[in-house]
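Student: Can you walk me through this one? Keep it quick.
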Amino acid sequence: MGELLFLAFVFLVAGVIAVPIASRLGLGSVLGYLIAGIAISPLLAAFNVDVVSIQHFAEFGVVMMLFLVGLELEPKVLWERRAKLLGLGGLQVGATAALVAGIGMALGLSWSVAVAVGLVLCLSSTAIVLQTLSEKGLMKSDGGQSSFSVLLFQDIAVIPMLALIPLLALPELADTMASGAPADLHADPHAAMPTGESHGGDHGHDHGHGHGGGHDDHGGHGSMSLVDGLPAWAQALVTLGAIAAVILGGSLLTRPAFNFIAVARLREILVAAALLWVISVALLMTLVGLSPALGTFLAGVVLANSEYRHELESNIEPFKGLLLGLFFITVGASIDFALLAEGWDQTLLLTFGLMVLKAAVLFVLAVIFKVGGADRWLFTLGLAQAGEFGFVLLSLTVASSVVPQPLADQLLLVVALSMLLTPGLFILYDRVIAPMFTAEEVEEDGEAPHQGSIIIAGHGRFGGIINRMLRGLGYETVVVDYSSAQLNLIRTFGIRAYFGDATRPDLLEAAGIEHAKVLVVAIDGKEQITQLVHYVHKAYPHVHVVARAVDRPHVYELYAAGARDIIRETFDSGVRAARSTLEAMGVHPFQAERKARQFVDYDRQTIAALASVYDPDIPLHENKTYIELAKEIGLANDEMMRGKDTAFAARSDRGWNPPTLADVEAVTKNAEG
Amino acid sequence: MASLLVYYAHPGHQSSRVNRPMAEAAAAVEGITFIDLYHAYPRHHIDVSLEQERLLAADVVLFQFPLFWYSTPSLVKEWIDLVLEHGFAYGSGGDRLAGKTMMLALTAAGPEDAYTPDGYQNFPLRTFLTPLEQTARLCQMRFTAPYVLHASLKAPVDGEVAPHVAGYERLLTAIRDDNYDFDAADALQSVTYATLPIRGTK
């Protein structure tokens, strides 16, 4: 327990200090985490912390990230992108692997080792690239989309690679392994969640410290697979069944399940349910020997059209962020500086060589696939590193006796260094390359934000009317509501609606508040409304807030919170009811209308005056200024409404009241005299 | 039996001393259609189709209102703007009102002698009514002399209200019963309760 707390403390301190500094320097969060990792690595080494096992745990962040990416992608979009996915991704993996393998052989490696190294190094870092792209808002760009296609293909390609690598085994290395070679820090394939590889046969291998219980997992390895020992056709069947389960489960089960859970209105249970969904998909994929990242990506795509999309997104997002952060820290921490110091010239040469080679392949592909302008460079520079799957594959190559330990150690260093250098390439792109193309891009630019520009928080009695009118006029709205019954109802009318608590900043963000022009706050609950208005007014000052006020004091609260468009939910209907009552009492409808208008006008003026003397820190009944003004206004209001015999008579009825006889005579005399 | 449609318009209905009793009397006349425009459209949202149907069913359309700034109250102008549509009341194909008659029943605060070249209003009353007269002409309607009460603010003092209201009732009944002599009325600038050209009387 103490050790765990200490570890959490060290990681969090490093992240909390390094990331804001890096962000402020414009280096991006990824570099911040990597630097934090490097900074704490001596400390971790001193305490014998098993960085690799933490890294494997943190790789679950990648799984979650792909789930989130999937949520953003509708199946239709994915299908439209198949040419790029297969062509661009396939060629990148194939060409890079072949070139690396060729160079390896030229440098004297045996062909099997060279092929394994090629496969390891052709992959790029999904975690760094997607995180950086989304941080910089480049995901939707041509370069971002191409990068995503390649990364997705790579994640798919990891599966056959995992099957292929053990086949490359060298007999002489296998012997060494079996005799119990010294433990290597980087080689524990079993804790590697994202790949969940179903390879076996290395039980004698351990990395030495901090992971004593690992052997139990190893022992249970056989039982933790649904496909081991099955004939090939049955394996294929089980695998297909698992994929079908994810698709059917996602499309058929999640909605009733979430409906059921939503009734309880317990946020933590919703978070738990979202996590449960992601973890169960990942687990299922692991059991059938598929990549959990790929499985959750698929699960995300299935849910891309669901009303729970934003809720899932905002529930998973923080976990993804923290785990990825942890992962980047471990990458930083796992750089073995002692080893680097030994052969630094050779390692650096390999790293730079690899990055230049990958960039060259990417550049050629960008030309072939007509990715132009700044996007070509974003694509070329962004993917020119090796990735976290490289760590996993390297462990596997060592474990399955394909690549000798010393070479694997050096390659690990190369992979980590190339990842470390990637944020630098993004900075190069940002500062040097993108500005050169800006003039060109302005002309091409014109993509509208894909989110609706009106967000309606709350779709009950009040928000529903607003939405009906706005949509009737052809405006695009995004509805966020916490009532699953309400959502089911409105979705049957084809309204775009998402489940969730609109007072949560993350959910608002997921619903697209950044690109929204207007936020209509139509949720229930005085305090939630005030809180939401306060937050949006501070965080997104460009968003025009139309807020629902429950009553008069609430108007003052909302005014103090920064809202200027405040609608009392019952005010207009109250006025209309009063008008109908007057008519029923025999008052001429136009007279009733005029009284109603006067009342509304006068009320609007006075409530602004009262709001300005309202003080959130003083209760209304103790606010002397307020009470005096309110009394004065109340009297004046009665006078005005009663009209005739009061000082306000002239104002309320003026114009349509006939002049007095004296007035008429004065006119006559003046005109004639 | 002529079909008579009376539109009454007074935004200050409550404080009216002549038009209100006139309107109450008109509403009580059987066999005519009486519409209080400010009652029907308190929010100035006019049902154009309904009004056009009413017009089509009428032979005589009479507007009763107090003269406001040499014109009608604003709702009557809104009514004209919307209901007398192109293609319905005027313009190509706009002959649906042809042959019908338009009449006004109005009260003027100024005395009769004010509406003379020497009076403070400088012009005869009919001069101020020419926009309405021409509106009727464009709609191919007959525009007949208005039923007028001058010095309306003094009327309660002068004892003019009761005879004016009674005259209004007689006017509406006569039009309804085809007893109103429009030809004789056309020869006059305006008619009053004392000069109503009703056949079979006097």
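Tutor: Start with a term: buried means under 20% relative accessible area, exposed over 50%, partly exposed in between (1.4 Å probe, protein chains only). By that rule, buried residues make up 52% of the 673 residues in chain A.

Student: What should I know about the model and the numbering?
Tutor: It is a predicted model: local features need pLDDT of at least 70, side-chain atom pairs count only at pLDDT 80 or more, and totals for chains, interfaces and linings use all residues. Residues are numbered from 1 along each chain as written, chains are lettered from A and ligands numbered from 1 in the order written, and side-chain values use heavy atoms, without hydrogens and water.

Student: What is the secondary structure of chain A?
Tutor: Chain A has 30 helices and six strands. These are DSSP runs, numbered from the N terminus: helices are H or I with at least four residues, strands E with at least two.

Student: Now the interface. How many residues of chain A are in contact with chain B?
Tutor: 21 residues of chain A touch 19 residues of chain B. Contact means heavy atoms within 4.5 Å.

Student: And how much area do the two chains bury?
Tutor: About 1800 Å² between them, 64% of it on carbon and sulfur atoms. Buried area is the accessible area (1.4 Å probe) that two parts lose on being put together, summed over both. On the chain A side, His588(A), Phe590(A) and Trp656(A) lose the most, together 32% of what that side buries.

Student: Which salt bridge is there?
Tutor: The rule finds one across this interface. Glu593(A) pairs with Arg43(B), the closest N and O atoms being 2.6 Å apart. The rule wants a side-chain nitrogen of Lys or Arg within 4 Å of a carboxyl oxygen of Asp or Glu.

Student: Which elements of chain A give two or more residues to that side?
Tutor: Helices H26 (571–584), H27 (589–613) and H30 (661–672) of chain A. H30(A) gives the most, with seven residues.

Student: Switching topic: Thr380(A), buried or exposed?
Tutor: Thr380(A) counts as buried because its relative accessibility is 2%. Thr380(A) is found in helix H18 (residues 373–382) of chain A.

Student: What is Thr380(A) in contact with?
Tutor: Leaving aside neighbours within four places in sequence, Thr380(A) is in contact with Ala359(A), Leu362(A) and Phe363(A).
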